[in-house]
Amino acid sequence: MSRFARNHHCCVINLADNGILIEGKSGSGKTSLMMGLLERARIENIPASFICDDQAMLTVNGEALIAEAPKMIAGKAELPGHGIIQMPHCGSTSIKQVFRLVPDEMVERMPKPGFSSHLGRPLPLTMLPERHENRSVRIVFAALQLI
């Protein structure tokens with residue numbers, strides 16, 4: 001594994017063997033989307049695991065971009081309106097897709113494939129509407145071909 005680790009503001013989960021990185025500005029709904037995705041996966045009996053909330057340490061292993069929780073926040077998530085909660089979590093995941101929360105007007109009705117680069121690794125990128133958890137959950141499941 002690369003010795004260089006970069007702290008990135010995001011949430012990370014593994015959903016049906018797809019490591020997904022959710023990024024967006026503070027207050028855009030990253031944690032709510034993460035919780036919504038984990039809840040729907042549980043309801044539909046799709047394997048899913050929590051990796052980290054708010055921050056991830058990103059490293060490169062071969063061609064893979066690896067995300068793991070910083071040790072200080074491992075297993076913790078901030079539930080807005082409640083505070084910090086403990087959650088079962090996995091140590092790390094290989095990122096397969098990036099989802100970025102953006103203002104509604106930036107989300108195209110029929111988007112072309114996009115890409116994002118982290119530590120020099122190109123990854124598929126999908127724009128999601130900020131603070132629209134249900135709509136974003138549907139888009140993520142469609143992008144991962146889980147519906």
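Predicted model: local features only at pLDDT ≥ 70, side-chain atom pairs only at ≥ 80, totals over all residues.
Helix α2 spans residues 133-143; helices (H or I, at least four residues) and strands (E, at least two) are DSSP runs numbered from the N terminus. Ser 136, Val 137, Val 140 and Phe 141 are the buried residues of α2, where buried means under 20% relative accessible area, exposed over 50% and partly exposed in between (1.4 Å probe, protein chains only). These residues lie on the same side of α2 because they cover an arc of only 135 degrees around the axis, the arc being that of the directions from the helix axis to the C-beta atoms. An α-helix has 3.6 residues a turn, so residues three or four places apart point the same way. Asn 134 and Arg 138, on the other side of α2, are exposed. The buried residues of α2 pack against β2 (11-15), β3 (18-23), α1 (30-43), β9 (92-102) and β11 (121-129), with contact taken as heavy atoms within 4.5 Å.

Phe 141 also lies under a charge: the charged end of Arg 40 sits over its ring, 4.2 Å from the centre (NZ of Lys or CZ of Arg within 6 Å of the ring centre and within 35 degrees of the ring normal). Glu 44 is partly exposed, at 35% relative accessibility.

The whole structure contains 4 salt bridges. One of them joins Arg 100 and Glu 23, whose closest N and O atoms are 2.6 Å apart. This pair links strand β9, which holds Arg 100, to strand β3, which holds Glu 23, 77 residues apart. Arg 100 is partly exposed at 26%, whereas Glu 23 is buried at 6%.

Lys 25 forms a salt bridge with Glu 130 at 3.9 Å between the closest N and O atoms. Lys 25 lies in the loop between β3 and α1 and Glu 130 in the loop between β11 and α2, so the pair ties together parts 105 residues apart in sequence. Lys 25 is exposed at 51% and Glu 130 buried at 7%.

Key. Residues numbered from 1 in each chain as written. Heavy atoms only, no water. Salt bridge = Lys/Arg side-chain N within 4 Å of Asp/Glu carboxyl O.
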